[in-house]
Structures are given as C-alpha cells and as structure tokens.
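Trainee: I would like to learn how to read charged residues and backbone angles in a model like this one. Could we go through it together?
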Amino acid sequence: MSFFKIHIDLDCAGGYFNKSINTMECYFLETQTWKRCADLSLPRSGTGVVSLHMRVYVIGGRYNTRNENYDCREVERYDPFVNKWTLIKPMNHPRNRLGVAAIDHCIYAVGGSHGQKTLSSVERYSTVDENENWTEVASMHTPRIGLAVCAHSRLLYAIGGYDGHRRLSEVESYNPDTNCWKHEKSLLIGRSGAAAVALNECIYVVGGYASDSIDGPLQLDSVEQYNTLTQQWSFVRPLNCRRSALSCVALDNRLFALGGYDGQNFSSIVEIYDPDKDEWTYGTRLTQERSGHGSALTVEPTFETDD
C-alpha cells in the first residue's frame with residue numbers, strides 16, 4: 001500500500017556567487033543531503049526568504065548580473081508539492097538587503113535599501129487578504145540595511161544593520177497589535193550582514209560584519225544570544241568560520257548556519273550549533289557557494305510504500 005508522507009526540510013534560495021543566482025537547494029535531515037530544486041524565475045542576492053503555511057517566499061533583493069543591476073520588489077512563492085515557483089503581488093518598494101519574518105498569517109518586509117536610500121519603512125503581506133496586497137505599517141525608528149530580522153512570541157525583532165555611517169547595535173521590536181516599534185536592549189557588538197533566528201526562549205544573532213569591534217574590521221565569528229525572559233544579551237560559542245551575509249535556521253532543536261562570505265571567498269560551509277552543548281560542528285556543505293541568500297523550513301512530500 002502506498003501512502004503520502006511529509007518530511008520537514010531546509011531550503012536555501014538565491015544569493016550571490018560572482019553574480020546574482022537563481023538556484024535553490026533543499027536539505028533533508030534524515031539523509032543529511034542536499035538536493036537541487038526548481039530555480040527561481042529571477043536571480044537575486046540580498047534577498048529575504050521566509051516560510052509560511054508550507055510555502056517559501058523569496059522577497060526583494062538585487063538583480064546583479066554582467067549586464068544589469070537593479071533593486072527588486074518582486075516576490076516569488078515556492079510550492080513544494082509541485083516543485084514550482086509563482087510570481088505573486090510585488091512589494092510597494094524595491095528593497096535590497098532587507099529583513100523578513102512571518103507572524104500569524106502575515107509576512108513583514110523590513111528596511112533595506114533602494115538605490116542610495118536606506119529605508120526605515122516596513123510592509124506587510126497577508127496571506128488571507130483576498131486582494132493580496134502589500135500594505136505599509138509603522139516604520140522603524142532607525143533606517144537600516146543588512147539587518148537581521150526574526151519573530152519571537154508574536155514580536156518582530158529588527159537587529160543591527162548599517163545606517164550608511166556605522167554598523168548598528170540597536171535592536172527594535174514591533175508589536176502587530178499596537179502597530180508600534182519599541183527600543184530593546186542593544187547588541188554587545190554592532191554588526192551588519194548577520195543572521196538571526198529564534199529557538200526556544202532565545203534569539204541568536206550569528207556572524208556578520210563589524211568595522212569597529214573587538215574582532216577588528218572584518219567578518220565576525222561571534223554569536224550573541226538574547227534571552228527574551230531576562231532581556232539580556234550574552235556571547236555563546238563562536239562559529240568555526242568567520243562570515244557575513246549568511247543565513248541561519250532552527251531545525252531539530254539546533255541552529256544551521258549556511259554559506260556567507262569570509263572576506264575573501266564565498267562559502268558553502270554549513271555549521272550546526274547545539275545549544276545544550278554550546279558547540280558548533282560542521283554539517284553537509286551546500287552544493288553551491290553563496291552569500292546574500294536566505295533560508296527557511298518547509299516540507300517535502302513523498303509517496304512511500306508500506307510493505
């Protein structure tokens with residue numbers, strides 16, 4: 001008898017490797033292997049990637065090839081059940097190096113840049129809105145690009161980034177019920193190009209770039225943990241490999257830090273953090289080096305036979 005089975009997998013989409021790329025690959029936890037999936041219709045780097053209702057959304061970024069270079073407002077949605085991308089309603093504004101996250105049935109696109117302008121504005125897309133439009137919500141206090149964004153306990157956190165003059169340590173949280181941003185406890189190190197992910201009661205901020213930190217003017221290996229109960233930041237075990245423009249996802253009660261740029265080379269390295277052991281170990285490499293990409297969890301439907 002055949003039956004339908006769902007596996008959770010990790011999807012890594014878009015990014016930059018000498019030019020913007022349109023590839024997506026999926027990681028299967030059971031086999032610890034990567035598989036190439038359908039390509040994006042539009043190559044882009046500096047993009048935001050988020051999953052909601054078992055679909056993956058790739059949002060904004062920059063189309064950067066030999067012949068063209070422009071900021072995007074296009075949004076694509078991936079359906080793992082048919083291995084297909086669909087262009088949906090674009091954002092109101094092009095955004096490069098933005099941050100994205102989902103709360104309830106909504107996706108938020110936060111900050112980024114359009115040309116020379118650094119943005120503080122935020123747009124929200126509702127998957128239950130019949131019109132499927134992007135609408136403006138309250139802007140952040142601080143304009144920023146290369147920020148890290150994640151959601152925890154129905155709050156949207158905007159962490160670090162670059163305001164055009166300095167790498168930021170400032171953290172803000174957005175409450176969708178009040179449509180207000182609130183200042184939170186600052187990072188220990190100002191950084192841009194970091195990744196942020198929520199796991200249990202904590203938020204982790206991984207890697208990035210700092211121009212005036214204890215690590216010097218370079219890519220970071222440091223990792224900060226924010227305890228949402230005590231509202232305090234602390235350092236945990238650093239990455240084995242310094243990098244910025246990476247992505248990070250929580251899977252199987254661990255963090256997966258993917259790809260990035262180490263200051264000289266684009267990376268395919270995957271590191272896995274176990275918070276119980278406070279330890280980073282190496283995982284299966286990506287099939288392609290990339291930075292400025294995004295990653296998210298979705299499902300992999302398969303038919304299996306019950307013998």
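This is a predicted model: local features need pLDDT of at least 70, side-chain atom pairs count only at pLDDT 80 or more; totals for chains, interfaces and linings use all residues.

Trainee: What is the phi of Asp104?

Mentor: The general idea first: most residues other than glycine have a negative phi, and most peptide bonds are trans. Here, Asp104 has a phi near 55°, a positive value in a residue that is not glycine. Asn179 is another such case, with a positive phi of about 55° although it is not a glycine. Asn179 is found in the loop between β18 (171-175) and β19 (180-184).

Trainee: Which residue forms a salt bridge with Asp104?

Mentor: As a general idea, side chains of opposite charge can pair when their charged atoms come close. In this model, Asp104 forms a salt bridge with Arg154, and the closest N and O atoms are 2.8 Å apart. This pair links distant parts of the chain: Asp104 is in the loop between β10 (99-103) and β11 (106-110), while Arg154 is in the loop between β16 (148-152) and β17 (155-159), 50 residues apart. Arg154 counts as partly exposed, at 36% relative accessibility. There is also a network of salt bridges, in which Asp104, Arg154 and Asp177 are linked.

Trainee: How many salt bridges does the count come to?

Mentor: The count comes to 14 salt bridges. One of them joins Glu25 and Arg290, whose closest N and O atoms are 2.9 Å apart. Glu25 lies in strand β2 (residues 24-28) and Arg290 in the loop between β29 (279-282) and β30 (294-305), so this pair ties together parts that are 265 residues apart in sequence.

Trainee: And are Glu25 and Arg290 buried or exposed?

Mentor: Glu25 is buried, with a relative accessible area of 0%. Arg290 counts as buried as well, at 1% relative accessibility.

Trainee: Where do Glu271 and Arg243 lie?

Mentor: The side chains of Glu271 and Arg243 meet in a salt bridge, at 3.0 Å from N to O. Glu271 lies in strand β28 (residues 266-274) and Arg243 in the loop between β25 (232-236) and β26 (247-251), so the pair ties together parts that are 28 residues apart in sequence. Both Glu271 and Arg243 are buried.

Trainee: Where is the place of Arg95?

Mentor: Arg95 is in the loop between β9 (84-88) and β10. At 0% relative accessibility, Arg95 counts as buried. Beyond its neighbours within four places in sequence, Arg95 is in contact with several residues, among them Gly60, Cys72, Leu119 and Glu123. For a sense of scale, Arg95 and Thr228 are 133 residues apart in sequence and 29 Å apart in space, C-alpha to C-alpha.

Trainee: Let us step back. How many helices and strands are there in the protein?

Mentor: The protein has zero helices and 30 strands. Its radius of gyration is 18 Å, close to the 19 Å that the globule rule gives for 307 residues, so the protein is as compact as a globular protein of that length. Along its principal axes, the C-alpha trace spans about 60 × 45 × 45 Å. Of the 307 residues, 55% count as buried.

Trainee: How many positive and negative side chains does the protein have?

Mentor: There are 30 positive and 38 negative side chains, and the centres of the two sets lie 5 Å apart. As for the surface, the protein exposes about 13,500 Å², of which carbon and sulfur atoms supply 46%.

Key
Residues are numbered from 1 along each chain as its sequence is written. Side-chain values use heavy atoms; hydrogens and water are left out. A salt bridge is a side-chain nitrogen of Lys or Arg within 4 Å of a carboxyl oxygen of Asp or Glu. Helices (H or I, at least four residues) and strands (E, at least two) are DSSP runs, numbered from the N terminus. Buried means under 20% relative accessible area, exposed over 50%, partly exposed in between (1.4 Å probe, protein chains only). The radius of gyration is taken over C-alpha atoms; the globule rule is 2.2 Å times the number of residues to the power 0.38. Accessible areas come from the Shrake-Rupley method with a 1.4 Å probe; for residues, only the protein chains shown count as cover. Lys and Arg count as positive and Asp and Glu as negative; His and the chain ends are not counted. The place of a charge is taken as NZ of Lys, CZ of Arg, CG of Asp or CD of Glu. Contact means heavy atoms within 4.5 Å.
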